[in-house]
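Below are my notes, as numbered points, for you to read beside the model.

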Amino acid sequence: MWFFARDPVRDFPFELIPEPPEGGPPGPWALHRGRKKATGCPVSIFVYDVKPGAEEQTQVAKAAFKRLKTLRHPNILAYIDGLETEKCLHVVTEAVTPLGIYLKARVEAGGLKELEISWGLHQIVKALSFLVNDCSLIHNNVCMAAVFVDRAGEWKLGGLDYMYSAQGNGGGPPRKGIPELEQYDPPELADSSGRVVREKWSADMWRLGCLIWEVFNGPLPRAAALRNPGKIPKSLVPHYCELVGANPKVRPNPARFLQNCRAPGGFMSNRFVETNLFLEEIQIKEPAEKQKFFQELSKSLDAFPEDFCRHKVLPQLLTAFEFGNAGAVVLTPLFKVGKFLSAEEYQQKIIPVVVKMFSSTDRAMRIRLLQQMEQFIQYLDEPTVNTQIFPHVVHGFLDTNPAIREQTVKSMLLLAPKLNEANLNVELMKHFARLQAKDEQGPIRCNTTVCLGKIGSYLSASTRHRVLTSAFSRATKDPFAPSRVAGVLGFAATHNLYSMNDCAHKILPVLCGLTVDPEKSVRDQAFKAIRSFLSKLESVSEDPTQLEEVEKDVHAASSPGMGGAAASWAGWAVTGVSSLTSKLIRVHPTTAPAETNIPQRPTPEGVPAPAPTPVPATPTTSGHWETQEEDKDTAEDSSAADRWDDEDWGSLEEAESVLAQQDDWSTGGQVSRASQVSNSDHKPSKSPESDWSSWEAEGSWEQGWQEPSSQEPPLEGTRLASEYNWGGPESSDKGDPFATLSARPSTQPRPDSWGEDNWEGLETESRQAKAELARKKREERRREMEAKRAERKAAKGPMKLGARKLD
């Protein structure tokens, strides 16, 4: 039977990557890139080949192997595994790069920031302090070749070959025998008399000064060059001079050196070092300290190195959310760091956390997720959106907080392209119908209309035919003027989704009714849309062969490319209307909003105006919604790019000026009116403006088109238009055919006066008359009850104390 000897190198769980070594400390060690066989995780492998006649070097290498295996510190190269055979030594550590190679690569990429260097030197000095003060060990080899950098940019101290005990155990320092390393020895080592008084850390602090000089100025040519600081920062020069002083007695302890550099104005006193120190101790920090830290972290991330954000900050953010109950404060820095990740890394690290966050009941987290959805929506696939995200987001439509309802509506702009048939055409339309009909906040109703116009191209053909015309027609009857404007713009932005028959019979009658709207902004948009639709109808009338081309999108399947006219609505929906909404919604938790004058449509004579109804405060997480000043420059910039298509179906520039700058919203006139309208408690028995029953059908768009109410019968003696001779040879001595119209009663409104016209119609008058009748009945009933109570009180008389009432 044959027995084969096992090859320990072949059985080793790590393997070298076949490529030239990266280098390493001067001497017999060679640094190679490697990986773990089972997982492919990258590592670094230091290899020493045993050579005959080099017993002294072999002993030094074995001592370094032992030291690295037993020393554990965050700032010392981390040992993972090792292999010792008769032919070689393998030391496996975390994946690192020699500092010299790292600095050269960073210079080629644009240079190394002082922030990074300050933290790197902080780590090396802290490692020396650990060795000298805690372990009583002298490193004896501090130089550029003994420092390594991991993937997060952290500096690690290695090169433990010549380390010895400061207490004299095991003899003195080992002999190096390498000229490249001996040039870093302090001058007092050349004095063999032993009369020089020094501290145990003096030699290592001299070598630290040499390292600082090389980091800023390049390789050290000779010891005399240390006298010239060169490019060393001024804040570090005084402390550097202490390190390279001729008197070893005055060289500071590593701990004292750190303290000096961390003083106010010192080289290591900056936000980057403070952030790193906090992250190292984050596990023992109080929850309040963590909250404050994460809130301020996002402001500093732009100045921090990308590798540091990806490999050090990101894991801490994920851990804080998973186990530390950090809440919504981690979202902003989390998404900011996510920009540095590849698509694959984002899917692995960020998306699982985002999906879990959507199931949270924390309002602050939900609203921040909705506000920042644009940053991660591209990484979400359709199954995840429909099964794990949309079911949670849809609850925001029913939230009592208006800010969450608003953000939920606007988030549909991003989610709609990824929603399936049931969620988009059924579930979402149900919530949009309810919001547009019943939401008490006018700006939210306006946003719903705008969002529907934007996502109209994603709806199925049957849903478009059933929903769009009814929804935009309903918006034109909204008492909130910007909602009526949004309804007109919705028609114009989705013009390619309507048949010519619908344009003539359904859309134009609605738009014509808006030409006499009390608000000039609504009338202007209505006239503009009417001209556009008439132009389209006229072109088809002139050339009927264009009908098929014009209606090509009407029955087409849902497609993102169809909404060419609606594409420019995105900027308006998330900027102009967003600013408007934040300006108009004001909720005070302790006091009701002040009463303001509401521009109501005229009421019939003899019917008293309904009294305003106070609005109960809606609880919010922030206490109240403050009115903010509109950024006019931003509105102008965003409106400059608003174009619907080549046919000019209306410009959003005018709409945005209506919504964001209508008669200067900030001056109080329009703000107070719009705020009162949007915050009023809509009750059918009160104001005609708040009577939602006059809309098509509350909570449903399936009622279809509503026929206009019947007109008044003509006055006696009035002839029909068909009875006139409009161009025949008949004599003109019959007088003016319209003369009989002058006999209308004086109670009719003047056609040239916007403020005195009754735009509510007969239905409004009927409702007001019923309300007046009900009021009178309640008043009579109240008087009857008071009279009966008075009679009973008079009949009974005063009761005596202690008397028993007998039936």
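1. Two strands are said to pair if DSSP finds at least two bridges between them. Strands (E, at least two residues) and helices (H or I, at least four) are DSSP runs, numbered from the N terminus. This is a predicted model, where local features need pLDDT of at least 70 and side-chain atom pairs count only at pLDDT 80 or more, while totals for chains, interfaces and linings use all residues. Residues are numbered from 1 along each chain as its sequence is written, and side-chain values use heavy atoms, with hydrogens and water left out.

2. On the sheet: three strands form an open sheet in the order S6-S8-S9, with antiparallel pairing. Strand S6 (96–98) and strand S9 (155–157) are at the edges with a single partner strand each, so one side of each has no neighbour in the sheet. S8 and S9 pair in the antiparallel sense over three bridges; valine 147 has leucine 157 in S9 as its bridge partner.

3. Two helices deserve a look here. Helix H3 (residues 99–108) lies across S6, S8 and S9 and runs at about 85° to S6. H4 also packs on the sheet, touching S8 and S9, and its direction makes about 25° with that of S9. Contact here means heavy atoms within 4.5 Å; axes are lines fitted to C-alpha atoms, for helices over the stretch in contact, with angles from 0 to 180 degrees between N-to-C directions.

4. Please check two backbone positions. Serine 136, in the loop between helix H4 (114–134) and strand S7 (137–138), has a positive phi of about 50° although it is not a glycine. Asparagine 140, in the loop between S7 and strand S8 (147–150), is not a glycine either, yet has a positive phi of about 70°. Serine 136 is buried at 14% relative accessible area, and asparagine 140 is buried at 6%. Buried means under 20% relative accessible area, exposed over 50%, and partly exposed in between (1.4 Å probe, protein chains only).

5. For cysteine 210, the nearest cysteine sulfur, that of cysteine 143, is 9.4 Å away. Cysteine 210 is buried, with a relative accessible area of 0%.

6. Lastly, H18. The buried residues of H18 include Leu424, Leu428, Met429 and Phe432. Among the elements covering the buried residues of H18 are helix H17 (402–415) and helix H19 (442–455).

Key
Disulfide = S-S within 2.5 Å.
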